[in-house]
Amino acid sequence: MIRDQETLNVLLSSLSRFVRERLMPNESLVAESDRIPDDIVGEMKSLGLFGFTIPEQYGGLGLTMEEEVMVAFELGQTSPAFRSLIGTNNGIGSQGILMDGTETQKQYFLPRLASGELVGSFALTEPGSGSDAASLSCSAVRDGEHYVLNGTKRYITNAPEAGIFTVMARTDPANKSAGGISAFIVERETPGLSLGKWDVKMGQKGAHTCDVNFENCRVPAANLIGGKEGVGFKTAMRVLDKGRLHIAAVCVAAATRMLDDALRYAMERQQFGKPIAEFQLIQAMLADSKAEIYAARCMVLDAAKRRDAGDDVATEASCCKLFASEMCGRVADRAVQIHGGAGYVSDYAIERFYRDVRLFRIYEGTTQIQQLVIARNMIRAAKH
Ligand code: COS
């Protein structure tokens, strides 16, 4: 946790400089090569970016949720691929261990995630279970001091780079619902774990996903998160509550960047004898985007502060993810429109961003799943 405003400001301003001076100039290179250069990964490590959410006692920066979203407001202003590389270490790839792991598990894995020595990945989705996560079929059968895992996980972010996976698998075959699921830490080198070929995605080049296959993969029983069976689904949901808030902050940042680009273009581009920014129909798109970004930013900050205060923010996190990701899609669409023909060609970053941000409305829970979570929680609260 940053204890004073001055230190936080130093962190945010050095991050903003890093984004502008190192990451933005390399966006096209990353998109073309589908790879983040090693020197940039090294700089991210030395800035502490792999572990900003991990507590100081485990080698991280231990940022509060409010501080974390402020970091995301900066980092998300460049290609999402950069954030994605560190995103799983700070988010879904480490938080299960942090929230529900045993002290031994925390001490063993978290410092290596915080330093970037290990990349963490979160394996929930399967070929047959996406939104209906509780129906997953990957199995984990106890055999002495091990669990034997079988099944396939799909679209797993950072799997090609990962050193460890948080894997949700069914330990109780008789229980087909959430209560039959447990969470495991599985190391990459475990025999029986293999990776599929990289997915060819619409955007976010440089951020990689692939299948993770388990074939009689023997995982030490000591790697059952928290040493407790049957609570893995709840761990996953709590991890996603936090992740959704983080993604909402990234949406605010990406929309801010796209609007900056659109404004600059509108002020430079001349038509009918003057900059197009002087036309009211362009101004309406700029203004609507500004207002919506501001609304999303306020929501995210409010929910983050409430989480820091100890409130259950499952509903608010879903509200933020729902609104901010949809807002980001609208801003992307308007920003392309403001660029006109230039928005459809790759000379301008907006063409790439338009494709990159499409994922925000899908991963870590689709918009429709956020709607479902919000409405269910409303109804549940009204019954009490
Ligand atoms: N925090 C803690 N516990 C939670 C929780 C949360 N946010 N959400 C659900 N739970 C608990 C419930 O309280 C319930 O526990 P009990 O059985 O003890 O009452 C259990 O988990 C099952 O919850 P629920 O009955 O709501 O499960 P459903 O299968 O009906 O629905 C949804 C859960 C649809 C909300 C869930 O599957 C989901 O979020 N799907 C989207 C998955 C996703 O985001 N995937 C993205 C890929 S990972 S990057």
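How many of the residues of helix α11 are buried? In this predicted model, local features need pLDDT of at least 70 and side-chain atom pairs count only at pLDDT 80 or more, while totals for chains, interfaces and linings use all residues. Residues are numbered from 1 along each chain as its sequence is written, and side-chain values use heavy atoms, with hydrogens and water left out.

Helix α11, residues 349-356, is mostly covered, with 6 of its 8 residues buried. Buried means under 20% relative accessible area, exposed over 50% and partly exposed in between (1.4 Å probe, protein chains only). Helices are DSSP runs (H or I, at least four residues) numbered from the N terminus. The buried residues of α11 are Ala349, Ile350, Glu351, Arg352, Phe353 and Asp356. They pack against α2 (27-33), α5 (80-90), α8 (232-268) and α10, contact being heavy atoms within 4.5 Å.

Helix α10 (residues 314-339) also packs with helix α9 (residues 280-308), at an angle of about 160° and with axes 9 Å apart. The two helices are therefore roughly antiparallel, a term for angles over 145 degrees. The residues of the contact of α9 with α10 comprise 16 nonpolar, 2 polar and 6 charged.

The cysteines form 0 disulfides, a disulfide being a pair of cysteine sulfur atoms within 2.5 Å. Cysteine 210, buried at 0% relative accessibility, has its sulfur 14 Å from the closest cysteine sulfur, in cysteine 217, which is too far for a bond. Cysteine 298 is partly exposed at 37% relative accessibility; its sulfur lies 11 Å from the closest cysteine sulfur, in cysteine 320, again too far for a bond.

Definitions and conventions. Axes are lines fitted to C-alpha atoms, for helices over the stretch in contact, and angles run from 0 to 180 degrees between N-to-C directions. Angles under 35 degrees count as roughly parallel, over 145 as roughly antiparallel, 65 to 115 as roughly perpendicular and the rest as oblique. Ala, Val, Leu, Ile, Met, Phe, Trp, Tyr, Cys and Pro count as nonpolar, Asp, Glu, Lys and Arg as charged, and the others, Gly among them, as polar.
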